[in-house]
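Biologist: I have a structure here and some questions about it. Can we go through them one by one?

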Amino acid sequence: MARKIENVVVLGANGAMGSGSGAVFAAAGIRTVFLARTRDKAEAGRARAEQMVKSTAISRFIEVGSYDQMEQAVAGADLVFEAVAEDLAVKREVFARVDAARKPDAIVATVSSGLSIAAMCGGQSESFQKHFLGIHFFNPPNVIVGCELIAHAGTDAAVLAFVRELLAGPLGREVVETTDTPAFAGNRVGFKVLNEVAQLAEEHGVAFMDALIGPHTGRAMSPLATVDFVGWDVHQAIVDNLYANTSDEAHAAFALPAYMQKLITAGHLGNKTKTKGGFFRTDGKGKETVKLALDARTGDYRPLAELSRPLPVFVDQMKAAIRVGRYRVAMDAMCDAAGAEADLLRQVVLGYVSYGLARVGSVVARPRDVDRIMGFGFNWAPPSVLADAIGARRLIGLLDRAALLVPRVVIEAAEKNLQLFDEPEVDRGRYFVAA
Amino acid sequence: MTAPVYILGGFQTDFARNWTKEGKHIAAMIRESVEGALAITDVAPREIDVGHVGNFAAELYAMQGHLGAFLVDVDPAFSGLPTGRHEAACASGSIALLAASAEIEAGRYDCALVVGVEQMKTVSPAIGGDYLGTAAWYELEAKGVEFPFPKLFGKLGDEYDRRFGLDDRHLARISAVNYANAKNNPRAQTRTWYMNEAHACETSSYNPLIGGRIKVSDCSQVTDGAVAVIVASARFAEAYAARRGRPLDTLARIQGWGHRTAPLTFDAKVAESKDQPYVLPHTRRAITDAYARAGIADCWALDGIETHDCFTTSEYMAIDHFGLTAPGQSWKAIEDGVIDAGGKLPINPSGGLIGAGHPVGATGVRQLLDASLQVTDQAGGYQVKNARRFATLNIGGSGTTSVVFVVGA
């Protein structure tokens, strides 16, 4: 019998990921039950889904309830989508209840952003394990179409293939399959860069590092502002997991800086703790507003204007070239610049290209997968876009000079004179930002 | 047509982009579209004889005039290239195409580059709405009016209602079809948006009325976009097809065109057409002129239409003006699914201005590019099966300047 998804249950539908993911299913016209600890919380999740898609019409497909109705709802579900707290023990407890109530062929998915898929379903029934996988949406899921699909060793191949079609078809996702490795592909490659910049900020300053690795290096939001946006607690959970459970060439880059640990303990979690702040903080109101930046060495916050120091000239050259659409010229400026600041920028940006493309073979199958998740998930210039704009041959020389790993796919591209970026429908130019 | 004009191909930027957020000058939009068109067609910059740019209001949106000169900036081989810029409100792109094709027909040049471009997200919606008001008779129809154009096209709906009756559910259906089509177009602005007939039918804080009977879901988008196409004479196209190893007749060709201008104010248009069968007779004439020049009898010789749905009412008007139904009977084609993606005569498989987006000066060029992709079986996810002939209708103002192309292969 052909498998169909007509009823979805979202667990943890009050949170940002739960309600956003629920909106993705309901928007496709699939009956979706939003469950949370209380019915009111689930109702709030439904309201949030309406806000996200800017329509009340979506609620025709949404029902709400509390966990008291979990067994009943799960019994009728073709797909159970778990978005409860990012805590292995909590998730396993929820999965035990789901396992007892689910239909034998019901698919169970977790939105976890990096916990082991195998560990989450270990101990549940064989049927549960066969039907279990990770669907990692990015926040907000209705806007960011990139998503990761993660099977564990015991996931049924037909289930995986079916979910892949569901995501890419009716749910309109750009799907990247990754192995069941810590933080999967996007967060592993992305948080390597974010944490490396946080480490470097101790010596070079928060304001300076964030500006040096700014939008002109291929991202909509600068790195430390991104960590503030994500939340320092979430950042810590991801890099701690990677530091503990990976051992690749970038291992040291996953060590959370001691100054961040100290501030997290003191309650500095980024934008969600407005009065304490993160790397940045805004004090005062109206005309009195002052933007402050963290002095990572002392833990004090000082006016951004005081802390900022001028960026090197080659950064202005990059921005000027990007502004008029001359992206290769911008890359020339980046590659040819001399001096310690240029070396620092290249360490991070070329380090990203290197680390991303070197995950091909272990975390993902093709360069295209890393490119998709960084481009469609993080809204960063995909590593291949940068590699192509730099040129594979020149890139190899620069990576050698910076003592960075030269990925095999870059060597192949240089040898065969190939372009690496393989998305004909995507404008490369959108990833070069002159802000 | 005296001498044939071929469409070698072209490039459309992703209409979902916000070039202001990217920190880009309009020069970057022109550059990306031209570099894209040259790469896709494999035409060398030195082969381009002349350049035309269609743009509505860069002076307002981007504080930049003289856009033709920006072509020269794209490649050293363009130094000295004759260029110009054309403006006819939302029909600017088609006017640029008419100029380029007229020069080819006249034998002045063999290969022309035509760019349509508009950068609109530089200002707030209210200010942008005011700028768009200059496509109407500003002092009479737009000055001090919040969002003048939805109101003018709301009046078009009212005029249909008065003459023939109009059910707003048919307008909602037009909106839903365009949004649904856009989901198949990887360069459409709204491809990831939530939209369907139920939403288009509801009036709520998420879908408020903004001009008479016009709701947000009835409107096309504020869009940043650039489109470049390369058009050529038979002589150039023959050599081009030969070097690509393809028969000449696999290239798209402009088979016919129509171009008419009505009185500028909406009230003058309606007064003029009072006792005539068509609400916008000059638009109807642009269509029948194009049919006559293409040597076709009616719309049933077409496999699809890319029309100017700046609002659902303008597509409602286009349906009977193209002749899919008798005047005032557009609702029949909507109810019968004629205009759907798989219908008898699909309208806006790209998603149109509502779904794909409406970068004002680029729209006419985008329509011609989409028509040429359709008739050469290159439209990918939104390809109309076995399409051999398409028409476009591009409108400036409240039905003021109408330009129609019939494109075939």
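Modeller: Start with a term: pLDDT is the predictor's confidence in each residue, from 0 to 100. We need it, as this is a predicted model.

Biologist: What pLDDT does chain B average?

Modeller: In chain B, 100% of the residues score at least 70. For the model, ipTM is 0.95 and pTM is 0.96. The average pLDDT of chain B is 97.

Biologist: What radius of gyration does chain B have, and why does it agree with a compact globule?

Modeller: Chain B has 409 residues, so a compact globule would have a radius of gyration near 22 Å. The C-alpha trace spans about 55 × 45 × 40 Å along its principal axes. The radius of gyration of chain B agrees with the globule value, at 20 Å.

Biologist: What share of the residues of chain B counts as buried?

Modeller: A residue is buried if 20 or more other C-beta atoms lie within 10 Å of its own. Chain B has 16 helices and 11 strands. Of its 409 residues, the buried share is 61%.

Biologist: Which element gives the largest share of the side of chain B that touches chain A?

Modeller: The contact takes 22 residues from chain B and 22 residues from chain A. On the chain B side, α1 (26-41) and α9 (197-201) each supply at least two residues. The largest share is four residues, and it comes from α1(B).

Biologist: How many charged residues are on that side of chain B?

Modeller: Sort the side that touches chain A by class. Six residues are nonpolar and seven are polar. The charged residues number nine.

Definitions and conventions. Residues numbered from 1 in each chain as written. Chains lettered and ligands numbered in written order. Predicted model: local features only at pLDDT ≥ 70, side-chain atom pairs only at ≥ 80, totals over all residues. Contact = placed C-beta atoms within 7 Å. Nonpolar A, V, L, I, M, F, W, Y, C, P; charged D, E, K, R; others polar. Rg over C-alpha atoms; globule rule 2.2 N^0.38 Å. Buried ≥ 20, exposed ≤ 12 C-beta atoms within 10 Å, placed from the backbone.
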